Amino acid sequence: MNSKMQQVWDTLNTIPDPEIPVITVVELGVVRAVDFVEDFLQITITPTYSGCPAMKQFEDDIVSELNKVGFSDVRIKTNFDPAWTTDWMSDEAREKLRVYGIAPPERGSEDKGVLFLSGPKKVACPQCRSEDTKLISQFGSTACKALYSCNACKETFDYFKCI
Amino acid sequence: MNTKKALFEYCIRIGDNSMILGHRLSELCSRGPILEEDIAITNISLDLFGQCRNILTYAGEVEGKGRNEDDLAYHRPEHEFRSVLLTEQPNGHFGTTMARQMLFSVFHYYFYKELSKSNDVHLAAFAAKSLKETMYHMRHSSEWIIRLGDGTEESHEKMQEGLNKMWSYRHELFEKDAVDEHLIELGIAVDTAKFKDAYEKQLEEIISRATLEIPEEGWRATGGRIGHHSEYMGHILAVFQSLARAYPDAKW
Ligand SMILES: [Zn+2]
């Protein structure tokens with residue numbers, strides 16, 4: 001990787017997810033590619049959810065941070081293929097989520113039961129790590145999260161759901 | 001038939017269904033029966049609007065007249081909307097909202113699954129992405145139908161009533177015309193007849209788990225796909241398009 005390319009990735013690695021500031025846009029897996037095209041810099045991103053309201057913020061943040069380090073013409077390209085999946089999230093990012101109080105997505109555990117959840121899924125409480133938890137709602141405070149509560153410590157918590 | 005024109009029409013139909021149902025669900029924002037449901041319904045609405053934006057943007061590119069997603073959403077008159085009548089039905093009580101959602105989401109699931117194999121790479125990617133979201137929508141409404149149907153006497157009665165009310169609207173989802181036939185031949189569009197049986201079977205499973213009765217087959221709703229909408233549509237668009245029409249250059 002040449003030094004200019006390295007600089008772009010280093011910069012991207014400092015841009016936090018606007019809604020979950022402990023992980024970066026790179027760790028989340030939203031940034032898919034960096035390309036120097038003719039005289040501009042193209043950043044290819046993919047949305048987490050089709051209607052995620054944070055996407056515009058991602059775009060603005062990426063452009064403005066790269067502008068600051070000297071890349072004046074930055075263009076965002078949105079790509080849907082392959083569709084974003086939580087499997088792209090690194091172990092490090094998962095641990096950061098847990099410490100922040102969000103139960104990370106279980107790796108490779110995309111819900112297989114199509115219509116009905118196939119048996120209770122074990123989601124450990126990010127506070128006390130108990131697996132005695134229950135699903136309150138498939139939909140949480142943002143598109144990517146579900147709402148759980150812990151039977152052991154009685155806390156409710158967000159679970160970053162697998163897609 | 002002109003393939004470009006057919007593809008534009010096809011995209012508009014997909015986008016309009018998501019837009020109008022998304023709008024109906026957005027009406028429940030801050031009015032949900034409980035906080036968790038308020039959030040769930042708003043999230044589903046957001047997914048549908050996201051899907052709508054993607055496909056309308058593509059429709060605009062296919063058309064090649066410089067129209068973007070906003071032009072298509074905010075500056076088309078009612079008779080140019082191609083959404084099925086199911087999507088414009090009022091929310092009614094929660095049982096009705098969930099019945100409408102289930103009839104639509106189960107269809108959406110099979111539809112996107114097939115569309116993800118389309119020869120049109122853009123449609124295929126769009127469908128693969130949307131499918132993941134739709135699985136959550138389908139589960140959400142199905143679980144509520146079971147919970148309410150198999151709940152108290154009152155919830156059972158209301159759930160049945162909601163289901164009866166929405167039942168006749170589902171057929172329109174499976175209608176086909178020359179646009180569909182042309183694009184099916186090219187491997188671009190989905191032949192919905194292929195999964196009609198699976199769709200009906202899935203509904204039966206949910207309804208029986210919910211201890212509800214399968215409603216009687218009666219009349220069949222039709223017309224939305226050719227722009228013949230019910231009175232509800234005018235009211236929806238009056239709200240939906242008012243800002244963009246009053247301030248045509250508004251930016252947000
Ligand atoms: Zn706990």
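The face of helix H7 of chain B turned away from its buried side carries B:Glu153, B:Glu154 and B:Glu157, which are exposed (over 50% relative accessible area; buried is under 20% and partly exposed lies in between, with a 1.4 Å probe and protein chains only). The model is predicted: local features need pLDDT of at least 70, side-chain atom pairs count only at pLDDT 80 or more, and totals for chains, interfaces and linings use all residues. Residues are numbered from 1 along each chain as its sequence is written, chains are lettered from A and ligands numbered from 1 in the order in which they are written, and side-chain values use heavy atoms, leaving out hydrogens and water.

**Helix H7 of chain B**

- Helix H7 (residues 153–167) of chain B has 15 residues; helices are DSSP runs (H or I, at least four residues), numbered from the N terminus.
- From first C-alpha to last, H7(B) reaches 21 Å, close to the expected 21 Å (1.5 Å times one less than the number of residues).
- The buried residues of H7(B) are B:Ser155, B:Met159, B:Gln160, B:Gly162, B:Leu163, B:Met166 and B:Trp167.
- Down the axis of H7(B), these buried residues fall within an arc of 165°, so they line one face of the helix (the arc is that of the directions from the helix axis to the C-beta atoms).
- The cover over the buried residues of H7(B) includes H4 (85–88), H5, H6 (121–149) and H9 (196–209) of chain B, where contact means heavy atoms within 4.5 Å.

**Aromatic pairs**

- Over all chains there are 20 aromatic pairs (rings of Phe, Tyr and Trp, the last by its six-membered ring, with centres within 6.5 Å; planes under 30 degrees apart are stacked, over 60 edge-to-face, the rest tilted).
- B:Phe49 and B:Phe240 are stacked, at 6.1 Å centre to centre and 5° between the planes.
- B:Phe49 lies in helix H2 (residues 35–63) and B:Phe240 in helix H10 (residues 231–240) of chain B, so the pair ties together parts 191 residues apart in sequence.
- B:Phe49 is partly exposed at 21% relative accessibility, and B:Phe240 is buried at 14%.
- B:Phe107 and B:Phe111 are stacked, with ring centres 5.6 Å apart and planes at 15°.
- B:Phe107 and B:Phe111 are four residues apart in helix H5 (residues 94–115) of chain B, about one helical turn, and both are buried.
- A cluster linked by ring pairs includes B:Phe107, B:Phe111, B:Phe126 and B:Phe174.

**Charges over rings**

- The charged end of A:Lys161 sits over the ring of B:Tyr136, 4.4 Å from its centre (NZ of Lys or CZ of Arg within 6 Å of the ring centre and within 35 degrees of the ring normal).
- B:Arg76 lies over the face of B:Phe81, 4.2 Å from the ring centre.

Notes. Helices (H or I, at least four residues) and strands (E, at least two) are DSSP runs, numbered from the N terminus.
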